[in-house]
Amino acid sequence: MKNHTMSARQKLLSCVLIAALTCKAMSAVAYGAGKEGTPDSNSTQDPVSAVEQIFDQAARDAARQNISALSAADDSTKELPGASDETVYVITEPDGSAQKIIAAGWFKEEEGAQAYQMTDTMEELPVTIKISYWLDGREVTPEEVKGASGQLTIRFDFTNHTLHNVEVGGRQEAFHVPFLVLTGMILDSDKVSHPQITNGRLLHDGDRIIAAGIALPGLSDHFPMNPAKDDGDASLFKGERDWPEFIELRADVTDFDPGISYTLVTNEPFGKIRSDEFFDLQSLHDNMDDMKDAMVQLIDGANGLYEGTGDLLEGTSELRNGVERLCDGSSQVADGAARLQTGASDLHKGTGDLLTGADSLCFGTGNLVSGAGDLYAGADELVNGLSQLTANSDAINGGASQVFESLLSMAGSQLAAAGFPVEALTPENYEIILNDILSALNSDDVYNQACAMVQAQVEATVRAQNGTATEQEIQALIAQIMQSDDVISQINAAAEAARAGADQIAALKNSLDSYRIFYQGLLSYTSGVSQASDGATRLRDGAGQLKNGAGQLQDGAGQLKDGAEQLHNGAAQLAEGTAGLADGTSGLYNGTQALKDGCEVLSDGIGKLQDGTAQLKDGLIEFDEKAVQKLTSLLEEDLQELLDRLDATSEIAGNYTALTGNQDEDSSVRFIYKTEGVR
């Protein structure tokens with residue numbers, strides 16, 4: 001049962017003691033797994049593989065003794081003598097319930113001899129396991145887990161059933177035998193993803209995920225880490241956790257197969273722990289006396305420091321007021337000088353820009369005068385040349401028109417000679433007329449017409465020469481004649497002649513199209529020359545006016561440049577004078593501002609120093625009351641009882657040495673649980 005009479009200070013010290021106890025227990029896990037040829041404490045093999053090898057080694061030992069580990073022996077109820085080194089193998093169902101318990105080890109016989117024996121037993125196990133399964137938040141049976149997919153949780157709960165009365169501080173209490181529980185299982189990483197474990201670790205080994213967890217069932221009853229808030233000091237333990245009594249594995253699974261898991265239960269590490277290994281009580285008391293004397297000196301020094309900082313703070317306040325008045329006056333002087341310097345600088349810059357612009361204007365107007373003269377001369381030459389071209393435009397257009405009419409007349413004569421009499425061709429209608437002729441000379445149409453004409457002639461001749469023949473005979477004879485080489489040659493010749501005529505007419509049309517394009521371009525050219533001549537005349541007149549105006553502008557730009565240069569020189573002298581004034585007033589202001597800032601920093605610093613000394617004084621007093629005095633009281637009142645509890649826990653662990661037979665101080669026992677997978 002839990003001891004609710006422990007004070008919060010006792011519980012705090014118990015946390016320190018049990019942390020040390022657990023570290024030693026963890027270092028002995030390999031010792032508990034190192035029996036019967038399994039890896040020793042120096043092995044780097046993972047705990048799950050170590051436990052699995054222990055179970056397999058036990059099976060091999062049983063085979064050597066011709067004893068089956070999986071079937072009941074004839075002497076399963078035989079009382080065993082005391083075992084010097086006993087290992088209990090527990091085969092459980094997937095839910096953790098024990099299916100078979102096998103005790104094995106070297107047992108003492110008569111005359112001091114030892115023999116290795118293995119037998120079934122019905123003894124009650126000191127620690128039992130309950131394995132629960134949840135799939136997507138719903139509790140399920142182990143059979144439902146096999147082949148399932150989703151979010152899976154597997155929880156191992158361990159219950160310590162041992163209770164022994166021990167004396168602690170002159171009173172009797174019931175203590176559990178302390179056991180260290182180590183559970184391991186191997187998962188297929190192809191079927192398990194995003195695994196998490198509570199009270200354990202996950203080890204990744206290629207295609208395997210090894211889950212190993214640790215529990216200490218029953219230990220919280222005697223050394224609680226998260227006690228009930230039954231007194232004012234319980235808040236010291238806010239956020240602490242109980243000693244683990246379960247292991248929980250969570251993961252996303254696909255087609256999951258719950259395999260075999262192994263659990264090692266041992267109390268051997270706890271039986272080797274003694275309180276005198278951790279604490280020297282006399283040294284602790286001596287150190288606490290020194291700490292109390294030091295705290296008295298620290299508190300006295302903090303009081304003196306607080307009074308001195310108060311006097312210093314009053315003096316810095318008067319200095320700060322005088323510096324503020326000096327800083328305000330220098331600020332006004334500096335602001336006026338800065339504005340004057342800015343204006344003079346802007347003026348100097350503006351006159352510089354004006355001088356640069358006037359110089360550029362002079363240079364540009366000179367170029368403008370020269371360019372305007374060149375433009376006038378070129379425009380005059382252009383007017384003369386275009387006038388000559390315009391005078392010849394009518395003669396060029398008339399000649400081109402006569403050539404076009406001659407070409408159209410020749411084309412009409414060629415068409416008439418080829419058997420295509422047409423109306424007189426003009427630039428407007430020749431394209432339509434020639435396209436109609438080309439359509440009529442389509443080779444397929446000509447071929448079909450030739451076939452129809454020849455067939456009509458053949459049919460008339462056949463009917464005239466074979467008046468007594470039947471219609472069927474006449475049609476057969478017509479078809480025979482139409483398929484003859486002579487008839488086919490005549491038809492093909494007619495079609496070929498039509499194609500040749502079409503090619504000639506197409507060539508004629510292309511020639512006329514080319515000349516029409518030339519003729520239209522010539523008309524556009526001569527029209528453009530006339531327009532260009534008019535524009536060149538206007539350009540020449542404008543260039544003359546521009547030349548006269550540019551000369552006047554050049555004279556004015558020269559006068560502007562001279563005035564801008566004088567103004568710029570005067571602005572430079574003004575800027576130099578105001579810069580010196582601004583530098584002096586700025587230096588004055590910066591100095592007074594730095595002095596003001598320094599006073600503020602000094603005042604704030606002294607104020608903070610005073611606050612800090614007050615906090616230091618209060619903190620030292622609080623630390624003395626809540627820490628030093630309580631720690632002293634803890635050592636004087638509770639430490640011995642906690643050490644007695646640690647020794648009592650170690651004693652009952654050392655006394656529990658066998659499940660079967662007699663308890664012997666030279667014996668040892670450990671339990672290995674093998675949980676079968678779902679079949």
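Figure 1. Lys100 counts as buried at 16% relative accessibility (buried means under 20% relative accessible area, exposed over 50%, partly exposed in between, with a 1.4 Å probe and protein chains only). Lys100 lies in strand S2 (residues 98-108) and Asp120 in strand S3 (residues 114-120), 20 residues apart. Strands are DSSP runs of E with at least two residues, helices runs of H or I with at least four, numbered from the N terminus. The model is predicted: local features need pLDDT of at least 70, side-chain atom pairs count only at pLDDT 80 or more, and totals for chains, interfaces and linings use all residues. Residues are numbered from 1 along each chain as its sequence is written, and side-chain values use heavy atoms, leaving out hydrogens and water.

Figure 2. Lys146 and Asp257 meet in a salt bridge (3.1 Å, N to O). Lys146 sits in the loop between helix H4 (142-145) and strand S6 (150-160). Asp257 sits in the loop between strand S13 (246-253) and strand S14 (261-266), and 111 residues separate the pair. Lys146 is partly exposed at 36%. Asp257 is partly exposed at 42%.

Figure 3. Glu459 and Arg463 join at 3.2 Å, N to O. They are 4 residues apart in helix H7 (residues 443-465), so about one helical turn separates them. Glu459 is partly exposed at 27% relative accessibility, and Arg463 at 33%.

**Figure 4. An aromatic cluster of Phe179, Tyr656 and Phe671.** Rings of Phe, Tyr and Trp (its six-membered ring) pair if their centres lie within 6.5 Å; planes under 30 degrees apart count as stacked, over 60 as edge-to-face and the rest as tilted. Phe179 and Tyr656 are edge-to-face, 5.6 Å centre to centre, with 85° between the planes. Phe179 lies in the loop between strand S8 (171-175) and strand S9 (180-188). Tyr656 lies in the loop between helix H10 (639-655) and strand S15 (669-675). Phe179 is buried at 1% relative accessibility. The rings of Phe179 and Phe671 are 6.4 Å apart at their centres with planes at 75°, so this pair is edge-to-face. Phe671 belongs to strand S15, 492 residues from Phe179. Phe671 is buried at 0% relative accessibility.

How values were computed:
Salt bridge = Lys/Arg side-chain N within 4 Å of Asp/Glu carboxyl O.
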